[in-house]
Structure formats: structure tokens, C-alpha cells
Amino acid sequence: MSSAFLTDRYELTMLAASLRDGTSSRPSVFELFSRRLSGGRRFGVVAGTGRLLTLLREFHFGEGELRYLRDHDVVDADALRYLENYRFTGTIRGYREGELYFPGSPILTVEGSFADAVVLETLALSVLNHDSAVATAASRMSIAAGERPLAEMGSRRAGERSAVAAARAAYIAGFVATSNLEAGRQWGIPTMGTAAHSWTLLHDSEEDAFRAQVDSLGTDTTLLVDTYDIRAGVDLAIRVAGTELGGVRLDSGDLPIVAGEVRTQLDELGATNTKITVTSDLDEYAIAALAASPVDSYGVGTSVVTGSGYPTAGMVYKLVARQDSAGGWVAVAKASTDKASKGGRKAAFRTLDDGVAIAETIAVSDGFEKVDTAAEHPDARGLQVVLVDNGEIDSSHEGVAGTASAREHHLRVREQLPVRALALSKSDPAIPTRFVDVV
């Protein structure tokens with residue numbers, strides 16, 4: 001399998017032109033960052049890094065890809081010869097997956113020849129823009145849910161492959177399970193699920209459906225009680241399964257009111273240990289509104305897999321430094337109105353005060369000299385790690401282990417957020433981004 005065609009044509013035409021004019025081998029530094037946080041969010045969550053590294057392993061041009069490029073006159077013969085042997089040989093540093101980011105954070109820094117790095121733009125952006133949008137929404141939902149567990153169940157509201165990626169991003173950001181089996185197999189995420197309304201409608205009576213489900217899955221199952229009448233459904237569920245029924249699920253109605261009524265009914269029936277799960281188009285605001293209700297867990301679909309209204313993180317991939325024709329380093333930046341970038345190689349630190357984040361401090365060098373200002377920021381935490389070293393990918397960020405590590409990292413660093421970052425209302429970023437020039 002090759003991931004090389006998960007790209008835009010103009011990247012290859014730029015590469016071909018650079019081969020022609022001799023600039024393809026110029027050492028260059030590209031940076032992936034976000035100018036602002038989508039939707040007035042107060043922080044963002046980096047997700048997709050592990051997936052990107054795996055796709056980078058597969059980024060090569062085989063016979064089929066080269067034939068297409070030739071047959072469709074995309075690039076010339078010199079470019080085809082270059083691409084035939086292409087493997088990324090540069091270095092990538094970046095924020096760990098699960099890390100928080102803010103406007104201007106150098107989430108990825110890609111170093112190599114211009115030809116080496118320019119072709120990765122679309123792949124890097126498509127992965128991190130999608131996964132980070134989902135993870136940011138999921139983290140807000142996780143904060144709103146508190147100690148109550150969240151399950152991702154939005155596969156039917158996304159493309160078949162993006163659904164798997166979304167489940168992974170949600171898990172990294174605090175969800176505990178997914179309904180998607182491929183996500184479970186590929187990323188080691190716990191899976192969950194019992195029955196939909198069609199199961200009840202299949203049977204001649206709701207009682208027949210409940211008995212069949214309990215016979216198949218045991219009394220620890222969760223019965224969906226709102227196909228017909230909720231109160232009658234709850235009464236029937238306990239009559240069929242007994243007071244040790246694992247749980248009931250509510251997928252409709254005014255959930256804060258209904259959840260309270262169902263809890264009272266279950267307790268009166270003696271099913272004091274039976275849990276209540278709610279679904280029904282939940283987002284972070286609906287979850288927060290249920291904080292005082294007797295709900296035990298949540299299932300979230302459409303909202304989480306679509307970034308809760310903001311399906312992209314708005315990240316960009318820009319050239320920030322390069323060598324000139326004389327071999328000297330030049331910081332370069334786009335100056336367009338509302339789309340300006342800041343040139344130079346960067347090192348990023350999270351400045352802390354008694355363990356609480358107070359600023360994103362970014363040291364900037366106009367040249368290519370490595371920036372290391374840790375000694376100047378003793379109360380700061382370094383944010384960048386080496387992901388790819390001269391073409392060698394750090395596999396610890398990939399697969400099941402990488403996903404689990406990203407989740408653990410996110411839950412840990414989220415504890416460093418100031419209290420104002422936890423609010424759901426639109427506002428400025430929770431901490432400012434401070435650029436410090438290094439002489």
C-alpha cells in the first residue's frame with residue numbers, strides 16, 4: 001500500500017519545477033501550526049501524529065503511481081526518476097500526540113531538502129486537521145462529563161476510514177470506548193454496544209426483544225427502553241431481567257427530566273445498581289447540562305466525529321526557513337493580511353507557575369542554529385520531541401502502544417490547564433503565546 005497519492009497535484013508540480021531550476025536540494029524548514037483556535041475554543045489537542053508516522057512509512061511511489069503520473073502528464077521524466085526512489089530522509093520534531101496547543105504553536109517542524117519536505121504538506125494537514133478537531137471536541141466533552149465515562153459511537157456519521165480515525169482521536173482525548181470494531185482492532189480501544197431500536201421492532205413485543213437480549217448477553221446487558229413508552233419500558237426491563245439488570249439506555253426525550261424520572265422508577269423497583277446511559281445527539285453543552293442529573297455514562301455520535309461543529313483544526317503548513325543560493329540561512333514568512341506566518345526555526349515551551357500553565361513560550365531563531373532555551377526558562381516544560389530522525393521513524397508513537405501513550409499524556413497535561421480553560425463558552429485562548437527572539 002502507498003500513501004503517496006493522498007496529496008495534491010501542486011505539491012508534485014512544485015517538486016518538478018524545483019528539480020528543473022536547481023532549488024530542490026536546498027535545505028528547508030517547514031512548520032505545521034494553527035493561526036487561531038477554531039470556534040473560540042480555549043485550547044486545542046494535538047492528535048493524528050501516530051497515524052501520520054505510519055502513513056509516512058508508506059509514502060513511496062510504486063509502479064502504479066508512477067504510471068498514473070506519466071500517463072496523465074503530471075510531472076516530467078526527471079521528476080518521475082526522482083520520485084521512483086523517494087523516501088523521506090529528513091527530520092521531524094513536534095508536539096507529542098495528546099499535547100495541548102495554542103495559536104502559533106509549532107506542532108510539527110519538518111526539516112530536509114525542499115523536495116523532501118514539500119510533498120508531505122497535504123498528508124500532514126489532512127491527518128492532523130481532522131484528528132485534532134475531533135480530539136479538541138472530545139476533550140471538551142470529557143471535561144464536561146467529569147468522572148462519568150464517555151463512549152464514541154459516531155461511525156455512521158463519518159466516512160468509513162475517518163470514522164476509525166475519529167474513534168482513535170476521541171479515545172486519546174478522554175473517551176473510554178468506541179462502537180467501531182476496526183478502531184478496537186487497530187488501536188486497542190475498548191469496544192461497546194448491545195442493540196438498537198430495530199432489535200425491539202423486529203420482535204412481536206418489547207418483552208420478547210428484552211428476553212432474547214438477556215438470554216443472549218446476560219442480565220449485565222443494557223436494555224434500550226424508549227422504543228415505545230419509557231416508563232412501561234423500564235418496568236418491563238426489570239420484570240424481565242430482574243433488579244440486577246446492568247443498565248438502561250435513553251435515546252430520546254428531555255433527558256435531564258427523563259433521567260431523573262427513570263432513576264426514581266428504578267430505585268422504587270429495587271434496581272438501585274442499574275445504570276443509566278444517555279445518548280441522543282449529545283455534545284459538550286448537552287453533557288454539561290446533565291451534570292446534576294442521575295446519569296452514569298454517555299454515548300456521543302455525530303458531534304464528536306465532526307468536531308462539534310468545527311470539523312477542521314485550521315492548521316497550515318508553511319516554509320519558515322531555507323538556505324539561500326550562497327548557503328546562508330534565511331527566515332521566510334508569508335505576509336498576507338490575516339494569513340501571516342512567523343519565520344525562523346522555533347523551540348516551544350509551556351511556561352508554568354506552580355504547575356499551572358501561564359504561557360506558550362516560543363523561542364525563534366532567524367538562522368538554522370538549534371534553539372535551546374531551557375536554561376533560560378527553568379519553570380517551563382519542553383514541548384517538542386524527535387519523531388523522525390534522518391528518515392528513521394520513532395515507532396513508539398505508532399500502533400496500540402502509541403495510542404495508549406498519547407491518551408495518558410493528554411490526561412496528564414490537561415491537569416496543567418488553568419481553571420478558565422475548562423469553560424465551554426467562546427473566549428480567547430486560555431494562555432497567551434509569547435514569541436521570544438534568540439540572538
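This is a predicted model: local features need pLDDT of at least 70, side-chain atom pairs count only at pLDDT 80 or more; totals for chains, interfaces and linings use all residues.
Hi everyone, thanks for coming. Let's begin with the cores. The largest nonpolar core has 56 residues. Leu250, Val262, Val278, Ile287, Tyr298 and Val304 are the ones with the most contacts inside that core. There is also a second, separate core of 50 residues, and Ala115, Leu125, Tyr317 and Ala348 are among its members.

Which residues is isoleucine 287 in contact with, leaving aside its neighbours within four places in sequence? On one side of the numbering there are Met141, Ala144, Ala145 and Leu150, and then come Leu282, Tyr298 and Val300.

Now to helix H6, residues 121-145. From first C-alpha to last, H6 reaches 36 Å over its 25 residues, close to the 36 Å expected at 1.5 Å a residue. Is H6 mostly covered or mostly open? Mostly covered: 23 of the 25 residues in H6 are buried. Just after H6 comes glycine 146, with a positive phi of about 65°.

Last, a helix pair. Two packed helices are described by the distance between their axes and the angle between them. For H3 (residues 63-71) and H4 (residues 77-84), the axes come within 11 Å and cross at roughly 170°. Angles over 145 degrees count as roughly antiparallel, and H3 and H4 are therefore roughly antiparallel to each other. If you have the structure open, look at Leu66, Leu69 and Arg70 in H3, which meet Leu80, Leu83 and Glu84 in H4. The residues of that contact divide into four nonpolar, two charged and no polar.

That's my tour, and I'm happy to take questions.

Terms used: Residues are numbered from 1 along each chain as its sequence is written. Side-chain values use heavy atoms; hydrogens and water are left out. A nonpolar core is a set of buried Ala, Val, Leu, Ile, Met, Phe, Trp, Tyr and Cys residues joined through side-chain atoms within 4.5 Å. Buried means under 20% relative accessible area, exposed over 50%, partly exposed in between (1.4 Å probe, protein chains only). Contact means heavy atoms within 4.5 Å. Axes are lines fitted to C-alpha atoms, for helices over the stretch in contact, and angles run from 0 to 180 degrees between N-to-C directions. Helices (H or I, at least four residues) and strands (E, at least two) are DSSP runs, numbered from the N terminus. Angles under 35 degrees count as roughly parallel, over 145 as roughly antiparallel, 65 to 115 as roughly perpendicular and the rest as oblique. Ala, Val, Leu, Ile, Met, Phe, Trp, Tyr, Cys and Pro count as nonpolar, Asp, Glu, Lys and Arg as charged, and the others, Gly among them, as polar. The expected span of a helix is 1.5 Å times one less than its number of residues.
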